[in-house]
Amino acid sequence: MLYQSVSCLFAYGNCDRNSHTPFSGRTIACANKCVFCWRHHKNPVGREWRWKEDPPGEIVEEAVRLHVRMVNEFKGAKGVKPERIAEAFTVRHCALSLVGEPIMYPRINELLGELHQRRISTFLVTNAQFPEQIERLVPVTQLYVSIDAATKESLRAVDRPLFKDFWERFLACLDVLRERRQRTVYRLTLVKSWNMEEVLAYIQLLDLGEPDLIEIKAVTYCGTSDASSLTMENVPWHHEVVAFAKAIAAHPAARDRYGVACEHKHSVSSSPSVRPSVCSVLPSWEHEEGVELTETTKLLLPLLLLFPLH
């Protein structure tokens, strides 16, 4: 399955990867039944892969073909920038996220290899229930771990995991993340009245995974569902997301490591960064002397970032 940041073709803005040449690959399977799942739990769940395996090469080939076909349909549309159309025909980024758990796919490393051979960057999001698969995962451009709650009780309530030892698996994934020699991200989805009162517990989780970045965003309400009790009342305002990020940055246990770097009101999101050798984004969009702000780093800018203070 694909998605295209259509607004980019009109030069209105970019998707959360700051690019108008992405597509998204997803698996249908997941080991959680999160209360904010935008598929309203129509997709299958399981603790192991038991579905048909499409060959990695065919997945990438067909995904790129459909992407090109979709972009081609915008040719001549009023307001579309011709130069954006021309650029969008070449896929440059792949987001392995949105639905399901990508690392459940048994041939995920082969799939990543197919993408990298085409010089397509990879942004992979895992729900932190499969530590062994994370350990075996080949390096990706950016590895996200969903931190949907900071305590065992709230994680059980928000993610509704299938594994009985879900908390132990969650913590093990963070331990593995710390050893990864690549850029890593904690992705926090804030759900008002569910997981926003745990600032100290979130800070304690930072010590386990030591992520380079922390992306903090408000939950997206996807309508009424029999599988979830969420309403618009559970969606934080942007100022509440910013306040949460600042609370982390200001806490004595974190203020020497993280600082707020940027925010993106339209996305209701924010993110912190650490490790200046990997990424150092300052509030003024200037980088530290000797640290290059590369094109890959620039992909992170539409977020609220925390930067290293030393």
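Visitor: How far apart are N and O in the salt bridge where the side chains of E110 and R107 meet?
Guide: Happy to start there, keeping in mind that this is a predicted model. E110 is partly exposed, with a relative accessible area of 43%, and R107 is also partly exposed, at 27%. The side chains of this pair meet in a salt bridge with an N to O distance of 2.9 Å.

Visitor: Which residues of helix α4 are buried, and within what arc do they fall?
Guide: Helix α4 spans residues 108-117, and its buried residues are I108, L111, L112 and L115. Seen down the helix axis, these buried residues line one face of α4, because they fall within an arc of 100°.

Visitor: Which residue just after α4 takes a positive phi, and of about what value?
Guide: Look at the position just after the end of α4. The residue there is R119, and its positive phi is about 60°.

Visitor: Which residue forms a salt bridge with R178, and how far apart are the closest N and O atoms?
Guide: R178 counts as partly exposed at 27% relative accessibility, and D175 is partly exposed too, at 32%. Both lie in helix α7, 3 residues apart, which is about one turn of the helix. The partner of R178 is D175, with the closest N and O atoms separated by 3.1 Å.

Visitor: Is E179 buried or exposed?
Guide: E179 sits in the loop between α7 (166-178) and β5 (184-190). Exposed means over 50% relative accessible area, and E179 has 55%, so this residue counts as exposed.

Visitor: Which residues are linked with E179 in a network of salt bridges?
Guide: A polar contact of 3.4 Å joins the side chains of E179 and R178. R178 in turn forms a salt bridge with D175. The residues linked with E179 in the network are D175 and R178.

Visitor: What distance separates the C-alpha atoms of E179 and G209?
Guide: Along the chain, E179 and G209 are 30 residues apart. G209 is one of the buried residues of α8, whereas E179 is exposed. Their C-alpha atoms are separated by 8.2 Å.

Visitor: What covers the buried residues of α8?
Guide: The buried residues of α8 are V199, A201, Y202, I203, L205, L206 and G209. Just after this helix, E210 takes a positive phi of about 45°. The cover over the buried residues includes α7, β5, β6 (213-218) and α9.

Visitor: How many residues apart in sequence are the parts tied together by R257 and D207?
Guide: The side chains of R257 and D207 meet in a salt bridge of 3.0 Å, N to O. R257 lies in the loop between α9 (238-250) and β7 (260-264) and D207 in helix α8, so the pair ties together parts whose separation in sequence is 50 residues.

Visitor: Which residues touch the most other members of the largest nonpolar core?
Guide: In soluble globular proteins, nonpolar side chains tend to be buried together. The largest nonpolar core here has 62 residues, and its largest share, 7 residues, comes from α7. Leaving aside neighbours within four places in sequence, L188 is in contact with residues including I147, Y202, I214 and F244. The residues touching the most other members are I147, Y186, L188, I216 and I248.

Key: Residues numbered from 1 in each chain as written. Predicted model: local features only at pLDDT ≥ 70, side-chain atom pairs only at ≥ 80, totals over all residues. Heavy atoms only, no water. Helix = DSSP H or I, 4+ residues; strand = E, 2+ residues; numbered from the N terminus. Buried < 20%, exposed > 50% of the residue type's maximum accessible area, 1.4 Å probe, protein only. Polar contact = N/O pair within 3.5 Å; in protein donor to acceptor, adjacent residues only side chain to side chain. Core = buried A, V, L, I, M, F, W, Y, C linked by side-chain atoms within 4.5 Å. Contact = heavy atoms within 4.5 Å. Salt bridge = Lys/Arg side-chain N within 4 Å of Asp/Glu carboxyl O. Arc of directions from axis to C-beta.
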